[in-house]
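Subject: Structure for your review

Dear colleague,

Please find below the structure that we discussed, together with its sequence. My notes on what was found in it follow directly after.

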Amino acid sequence: MESVRQYGFVNARVRAMRSAFLSRTAYRSMAAFKEPGEVFSFLLQTRYRAMVEGMEAKTPEALERALFREEIRQVRDVQKISKGGTRRILELLLERYDAERLKTILRAWRSGGGQSKAVIRDEIVHPFREEALLSSKNMEEFAAALEGTPFQKAAGDRAARFDEKKSLFSIEVAVDQTVYERLWKASESLSRTDRNILRKLTGIEIDLKNLDWILRFRKYYNIPMVEIGELLLPNGWRLGTEGIRKILDGGNVTESLLDFGGGSPLPLPAGGEEALSLEALEHFLYQTLFIEAKRAFMAFPLSIGAILGYVTLMRIESRNIRALVHAKAYHMPAPEIEPFLVM
């Protein structure tokens, strides 16, 4: 009876909201357009009408900002009609947007820029004193300016590493760790069913993020494997410590991804690790997340699954729209675009 009171109304709402998601047909129609403007015109016929009408310009950059705000709005809308521990979980999911905003500010500070390119400056969950952050003389001052937020410790604990390496990577990972650690801890107050759903989806995202970090470190930054291991996020769901260690010790990434996929019919390039480009990896990771989010949405009608599934699928749809508009800006033909869409 308690689960009916907690989830009956909100789950009915998110299921109705999911019915407005873009279809495969809609994605393929947009992929066939020749110009970004045609994508914007198409979106005016969808649930994104108000968002597009409110954009200051019809450009890929303006779309990034608009979609960022739209994602936050949708999570807040679901949070308003949620109860109990679910409201707290949704607040912690909103902290992911705080984390991305903070990383943008960090990069602006590191480059000596006078202003960050954060897509939103309004308070999301935690207030950031952007002027004080950007004017900090060192990482210790930057951390001090984060007082009152859960990210202060992340910056403070990695300040010495930053002074030594002059690299923000460890601090950015620490910011991500803060978000996922807080989500993991909050799951302890949920029912067993809700806790398992949250930890599975969160754990899969952690696996995906760790795989992404590993490939980026290997491909672009030439960071030693030992250091990469120290920077990765805990609590992965399928790869876990053993899978991550296998990759760090030189194991084949493609082979690990096949294990990670759990037998799902997902496309992976042939030819081993060398063929696994960053773009192919990203697509595989999002496709895996997409499948698991749909499973969570349908698994239990009176659980947190529909809520978490909706939020995840909404973010993937947002990613698809960004990809489409950027692709059209570069005049990519439909056959080259569709393999990068998650649908």
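Accessible areas come from the Shrake-Rupley method with a 1.4 Å probe, and for residues only the protein chains shown count as cover. On that basis, the protein exposes about 16100 Å², of which carbon and sulfur atoms supply 51%.

This is a predicted model, in which local features need pLDDT of at least 70 and side-chain atom pairs count only at pLDDT 80 or more, whereas totals for chains, interfaces and linings use all residues. Residues are numbered from 1 along each chain as its sequence is written, and side-chain values use heavy atoms, with hydrogens and water left out.

The protein has 18 helices and 0 strands, where helices (H or I, at least four residues) and strands (E, at least two) are DSSP runs numbered from the N terminus. Of its 343 residues, 51% are buried, a term that means under 20% relative accessible area, with exposed meaning over 50% and partly exposed lying in between (1.4 Å probe, protein chains only). Taking contact to mean heavy atoms within 4.5 Å, 65% of the contacts between residues at least 6 apart in sequence join residues at least 24 apart.

Several of the findings concern helix α17. Helix α5 (residues 60-80) and helix α17 (residues 305-329) pack at an angle of about 170 degrees, with their axes 10 Å apart; axes here are lines fitted to C-alpha atoms, for helices over the stretch in contact, and angles run from 0 to 180 degrees between N-to-C directions. That angle makes α5 roughly antiparallel to α17, since angles under 35 degrees count as roughly parallel, over 145 as roughly antiparallel, 65 to 115 as roughly perpendicular and the rest as oblique. Among the residues that meet in this pair are L63, L67 and V78 of α5 and I307, M314 and V325 of α17. By class, the contact of α5 with α17 has 12 nonpolar, 3 polar and 4 charged residues, where Ala, Val, Leu, Ile, Met, Phe, Trp, Tyr, Cys and Pro count as nonpolar, Asp, Glu, Lys and Arg as charged, and the others, Gly among them, as polar.

The axes of α3 and α17 come within 8 Å and cross at roughly 150 degrees. In this pair, P36, V39, F40 and L43 of α3 meet I321, V325, K328 and A329 of α17, a contact with 7 nonpolar, no polar and 1 charged residues.

Helix α2 (residues 24-31) has A26, Y27, M30 and A31 as its buried residues. They cover an arc of only 135 degrees around the axis, which puts them on the same side of α2; the arc is that of the directions from the helix axis to the C-beta atoms. These buried residues pack against α3 (36-43), α17 and α18 (334-337).

Elsewhere, helix α6 (residues 84-111) and helix α11 (residues 169-186) pack at an angle of about 175 degrees, with their axes 10 Å apart, and are therefore roughly antiparallel to each other. The residues of the contact of α6 with α11 divide into 12 nonpolar, no polar and 9 charged.

N235, in the loop between α13 (225-231) and α14 (240-248), has a phi near 75 degrees, a positive value in a residue other than glycine, and at 33% relative accessibility N235 counts as partly exposed. H331, in the loop between α17 and α18, has a positive phi of about 60 degrees although it is not a glycine, and H331 is exposed, with a relative accessible area of 52%.
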